[in-house]
Amino acid sequence: MAISVPGSAGLGSGLPGSSVSGQLGNVTATDTRALLTASWTASAISSSFTTGGGSPAETIPATAVSYWSGTASATSGLGVFTPGQATAGQAQTLDSSHTAYGLAGGTGNNSATWNPTLIVAVPASAVNGVYTGTVTHSIL
């Protein structure tokens, strides 16, 4: 099993007290184990986003980072492919690991590709700067 993700993504800019959002780019989970009964779960988690020295005013906590997978743009193989969060209303904060996509009842090789959206709520106390963080995807 493998998961491929974009190297980086820009979400644009926002004022303190606002939110910024954008798509991360295609994430692809691939299972080439050719199992008679295949299943897997892809998950996502985020670090805090920081700028400068990472003081409290220079940190956007992971609790302010939300994710929704949306539906797959492509799938291959047999099984039931299920998004972790099909709509923006189902977005989940990434301060802990959450299901991004899954396969159940599969057979043989399979894959799914989706383009998740990240929403970052910029705290009212945040200072201006370029904030960076890491969203980690994994597959089991």
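The largest pocket has a lining of 29 residues, and those nearest its centre are Ala9, Leu11, Phe49, Tyr131 and Gly133. Strand E10 (117-121) and strand E11 (135-139) are the elements that give two or more residues to that lining. Keep in mind that this is a predicted model, where local features need pLDDT of at least 70 and side-chain atom pairs count only at pLDDT 80 or more, while totals for chains, interfaces and linings use all residues. Residues are numbered from 1 along each chain as its sequence is written, and side-chain values use heavy atoms, with hydrogens and water left out.

**The pocket**
- The space in the largest pocket comes to about 640 Å³.
- As for what counts as a pocket: on a 1 Å grid over the protein atoms alone, it is an open set of points where a 1.4 Å probe fits, with protein on both sides within 12 Å along at least five of seven lines. Lining residues have an atom within 4 Å of a point.
- Grid points are joined across faces, edges and corners, and the volume is the space filled by probe spheres set on the points.

**The chain as a whole**
- The protein chain has 11 strands and 0 helices. Both come from DSSP runs numbered from the N terminus, where helices (H or I) need at least four residues and strands (E) at least two.
- The C-alpha trace spans about 55 × 25 × 20 Å along its principal axes.
- Of the 140 residues in the protein chain, 35% are buried. Buried means under 20% relative accessible area, exposed means over 50%, and partly exposed is in between (1.4 Å probe, protein chains only).
- Take the contacts (heavy atoms within 4.5 Å) between residues at least 6 apart in sequence: 76% of them join residues at least 24 apart.

**The four-stranded sheet**
- An open sheet of 4 strands runs in the order E2-E10-E6-E8, with antiparallel pairing. Two strands pair if DSSP finds at least two bridges between them.
- E2 and strand E8 (92-93) are the edge strands, each pairing on one side only.
- E2 and E10 run antiparallel and are joined by 5 bridges. Val20 has Val120 in E10 as its bridge partner.
- E6 and E10 are also antiparallel, over 4 bridges, and here Trp68 stands opposite Thr117.
- E6 pairs with E8 over 2 bridges, again in the antiparallel sense. Tyr67 has Gln92 in E8 as its bridge partner.

**The nonpolar core**
- The largest nonpolar core holds 27 residues, and the ones touching the most other members are Trp40, Ile60, Tyr67, Trp114, Leu118 and Val120. Such a core is a set of buried Ala, Val, Leu, Ile, Met, Phe, Trp, Tyr and Cys residues joined through side-chain atoms within 4.5 Å.
- At least two core residues come from each of strand E3 (27-46), strand E6 (65-68), strand E9 (98-114) and strand E10 (117-121). E3 gives the most, with 6 residues.
- Tyr67, leaving aside neighbours within four places in sequence, is in contact with residues including Leu24, Ala44, Trp114, Leu118 and His137.

**Residues to look up**
- Thr117 lies in strand E10 and is buried, with a relative accessible area of 11%. Not counting residues up to four places away in sequence, Thr117 touches Ser21, Gly22, Gln23, Ser66, Tyr67 and Trp68.
- Thr51 sits in the loop between strand E4 (49-50) and strand E5 (59-60). Thr51 is buried, at 11% relative accessible area, and touches Glu58, Val127, Gly129, Val130 and Tyr131, not counting residues up to four places away in sequence.
- Leu15 is in the loop between strand E1 (2-4) and strand E2 (19-23), and counts as exposed at 63% relative accessibility. Leu15 and Pro123 are 108 residues apart in sequence but 8.9 Å apart in space, C-alpha to C-alpha.
- Ala34, in strand E3, has a phi near 55 degrees, a positive value in a residue other than glycine.
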